[in-house]
Amino acid sequence: MPIERRLGGARALFTDRFGGVSAAPFDSLNLARHVGDDPDAVSTNRARVATMIEAPDAAWVIPRHVHGSTVLRIDETIELGVGASHHPEGDGAATNRFGVLLSALGADCAPIVIANDTACAAVHAGWRGAVGGVVEAGVAAVRALGTGRVGAVVGPCICVRHYEFGAAALTDIVARAGPSVAGRTQTGDPAFDLRGAIRLAFAHAEVDDADVEVLDVCTVESTDHYSYRRDGVTGRHGVVVIKV
Ligand SMILES: [Zn+2]
């Protein structure tokens, strides 16, 4: 079952593998075109998700993620066709407009929703984004476009116990981001703490920790979700968010 949240002036839905039409290994609610799935199946799946969130006619912004830190600002100056989908490059998008459905996709990386009273954002964060400023960019975009207290929900993503990381690479990241982003896997090997890094990024952005909910779902452990680390060739779940 998808996980729904009301956050500020937005409604968000974290999808899982169920309810779509894609065949194995993308079964069944894959939302990504770039993974090798049948494009018609992906289109059907996306339409189903838009209906799940009661926005079948929304213009859908589905950024192509590049593990960067750009969060696009979809304000009134951006032309969007009704019911059309748009695929700009970026790791997040924010809006203060009604009728615009934003998404962030992942399969171990974290889909994140950020919202205040009148704006919302969907953000994709893997380790590069989490230490590279994508969360801070998402908060800044929501603050620039809207008003009120900022809150966030961090969706299903890989937990530290399953995120084994090369020791040398981890040392480099710790030098940039601090020791709290490092941890250990369940077998005691060096690991990256994605959720910890995201919480740290929200703290940097001056979002109160009490206003950040982290869902306790590890994508490697949950067979209800896609996991690149577990399965290699697989689909993508994600978060969709819309202003209500
Ligand atoms: Zn795990």
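This is a predicted model: local features need pLDDT of at least 70, side-chain atom pairs count only at pLDDT 80 or more; totals for chains, interfaces and linings use all residues.
A residue is called buried when its relative accessible area is under 20%, exposed when that area is over 50%, and partly exposed in between.

Four residues coordinate the zinc ion: Cys159 and Cys218 each through the atom SG, His162 through ND1, and Glu221 through OE, at 2.0 to 2.2 Å. For four tetrahedral donors, the ideal angle at a metal is 109.5 degrees. Here the angles among the four donor atoms of the zinc ion run from 101 to 122°, and the site is tetrahedral. Along the chain, the donor residues follow the spacing C-x2-H-x55-C-x2-E. Cys159 belongs to the loop between strand S10 (151–154) and helix H4 (167–177), while Glu221 belongs to the loop between strand S13 (212–214) and helix H6 (228–231); the pair therefore ties together parts that are 62 residues apart in sequence. The definition given at the start can now be applied to these two donors. Cys159 has a relative accessible area of 7%, so this residue is buried. Glu221, by contrast, has a relative accessibility of 42% and therefore counts as partly exposed.

The next topic is the packing of two helices. Such a pair is described by the angle between the axes and the distance between the axes. Helix H3 comprises residues 134–145 and helix H5 residues 194–204; they pack at an angle of about 40°, and their axes are 8 Å apart. This angle makes H3 oblique to H5, because angles under 35 degrees would count as roughly parallel and those from 65 to 115 as roughly perpendicular. The crossing of H3 past H5 is right-handed. On the side of H3, the contact involves Val135, Glu136 and Val139, which meet Ile198, Ala201, Phe202 and His204 of H5.

With a relative accessible area of 27%, Pro2 is partly exposed. Leaving aside residues up to four places away in sequence, Pro2 touches Leu13, Phe14, Thr15, Asp16 and Met52. Of these, Asp16 is 14 residues away from Pro2 along the chain, and the C-alpha atoms of the two are separated by 5.8 Å.

Finally, the backbone deserves attention. Most residues other than glycine have a negative phi, and most peptide bonds are trans. Several places in this model depart from these patterns. The peptide bond from Ala24 to Pro25 is cis, with omega near 5°, and Pro25 lies in the loop between strand S2 (10–14) and helix H1 (39–52). Asp27 and Ser28 are also joined by a cis peptide bond, for which omega is about -15°; Ser28 is likewise found in the loop between S2 and H1.

Two residues illustrate the exception in phi. Asp108 is not a glycine, yet its phi is positive, at about 120°. Asp108 is located in the loop between strand S7 (100–106) and strand S8 (110–115), and with a relative accessible area of 8% Asp108 is buried. Glu206, also a residue other than glycine, has a positive phi near 60°. Glu206 is found in the loop between H5 and S13. The relative accessible area of Glu206 is 68%, so this residue is exposed.

Technical notes:
Residues are numbered from 1 along each chain as its sequence is written. Side-chain values use heavy atoms; hydrogens and water are left out. Donors are N, O and S atoms within 2.8 Å of the metal (3.2 Å for Na, K and Ca); water is not among the atoms, so sites may look incomplete. Four donors count as tetrahedral if all angles lie between 85 and 135 degrees; four count as square planar and six as octahedral if opposite donors are over 155 degrees apart and all others between 65 and 115; anything else is irregular. Helices (H or I, at least four residues) and strands (E, at least two) are DSSP runs, numbered from the N terminus. Buried means under 20% relative accessible area, exposed over 50%, partly exposed in between (1.4 Å probe, protein chains only). Axes are lines fitted to C-alpha atoms, for helices over the stretch in contact, and angles run from 0 to 180 degrees between N-to-C directions. Angles under 35 degrees count as roughly parallel, over 145 as roughly antiparallel, 65 to 115 as roughly perpendicular and the rest as oblique. A crossing is left-handed if the near helix is turned anticlockwise from the far one by less than a right angle, and right-handed if clockwise. Contact means heavy atoms within 4.5 Å.
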